[in-house]
Amino acid sequence: MSVDLSLDLRISAFEQSAGDLGTKQYNQTWGVVASLARGTGASQTDKVWTDSGTAAASANTVDLMGSLTDINGATISFAGGVVLIAVKNTSTTTGYNLTVGAGSNPFAGWSGAGANTRIIKPGGFEIWYSPIDDVVPVAGTGDIITLDPGANTVTYDIMIVGRSA
């Protein structure tokens, strides 16, 4: 399987206010455009895994080193490193937060340390992207991403991109 990655994230804000002699306007733009070629070296990728899931009052886990399958049903591993994790909380109910991280054998790449978590509010998303200094999961001690809905039922989308070697 071959994978090409294109990332295009743009944020535009338009400010407008009434002034003494007319309207003041200011447009602010921030953006990131990046791409990764096929392969297993720095700034390259050859593995992708996606899922739309539901965590119902207990945590779901994603094992980066052996339990995931690609679009053809073949087992994949991110043994060469993870370069992108994107998680969106697709729930629309206030207070239905999705806590990502911690848990058993946590993958610390996106949170900085195993015990750290990220809280994604309903309708919110987070993207972690590190194409050069990727983070390699460690089987059995640091390869699990935990998606915890607390006492609620939370729906989510997740994408993980990385390298096999």
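## Strands and how they pair

Two strands are said to pair if DSSP finds at least two bridges between them. The strands themselves are DSSP runs of E with at least two residues, numbered from the N terminus. In this predicted model, local features need pLDDT of at least 70 and side-chain atom pairs count only at pLDDT 80 or more, while totals for chains, interfaces and linings use all residues. Residues are numbered from 1 along each chain as its sequence is written, and side-chain values use heavy atoms, with hydrogens and water left out.

## A hairpin to start with

Let's begin with strand 6 (residues 65–69) and strand 7 (residues 75–77), which run antiparallel and are joined by three bridges. Across this pair, Leu68 stands opposite Ile76 of strand 7. The two strands form a hairpin with five residues between them. In its turn you will find Gly73, with a positive phi of about 90°.

Strands of a sheet pair through backbone hydrogen bonds, either parallel or antiparallel. Here, four strands make an open sheet in the order 4-13-8-11, with antiparallel pairing. Strand 4 and strand 11 (125–129) are its edges, as each pairs on one side only. On average, neighbouring strands of this sheet are turned by 15° against each other, direction ignored; the axes behind such angles are lines fitted to C-alpha atoms, and angles run from 0 to 180 degrees between N-to-C directions.

Follow Lys88 to see two of these pairings. Eight bridges join strand 8 to strand 13, and in strand 13 the bridge partner of Lys88 is Asp157. Strand 8 also pairs with strand 11, over five bridges, and in strand 11 the partner of Lys88 is Phe125. Side chains alternate along strand 11: Glu126 and Trp128 point to one face and are buried (under 20% relative accessible area, with a 1.4 Å probe and protein chains only).

## The nonpolar cores

A nonpolar core is a set of buried Ala, Val, Leu, Ile, Met, Phe, Trp, Tyr and Cys residues joined through side-chain atoms within 4.5 Å. The largest one has 22 residues, and those with the most contacts inside it are Val62, Leu64, Val87 and Ile160. The elements giving two or more residues to this core are strand 4 (47–56), strand 8 (81–89), strand 9, strand 12 (144–148) and strand 13 (153–163). Strand 13 provides the largest share, four residues. A second, separate core has six residues, including Leu5, Leu36, Ala86 and Val161.

What is Leu64 in contact with, leaving aside its neighbours within four places in sequence? Its contacts (heavy atoms within 4.5 Å) include Phe78, Val82, Phe107 and Ile160.

## Loops with a positive phi

Most residues other than glycine have a negative phi. Ser43, however, has a positive phi near 60°. Ser43 lies in the loop between strand 2 (22–38) and strand 3 (44–45).

Asn105 counts as partly exposed because its relative accessibility is 32%.

## A look at Thr23

Thr23 belongs to strand 2. Is Thr23 buried or partly exposed? At 49% relative accessibility, Thr23 counts as partly exposed. Beyond its neighbours within four places in sequence, Thr23 is in contact with Gln16 and Ser17. Thr23 and Ser104 are 81 residues apart in sequence and 56 Å apart in space, C-alpha to C-alpha.

Conventions: Buried < 20%, exposed > 50% of the residue type's maximum accessible area, 1.4 Å probe, protein only.
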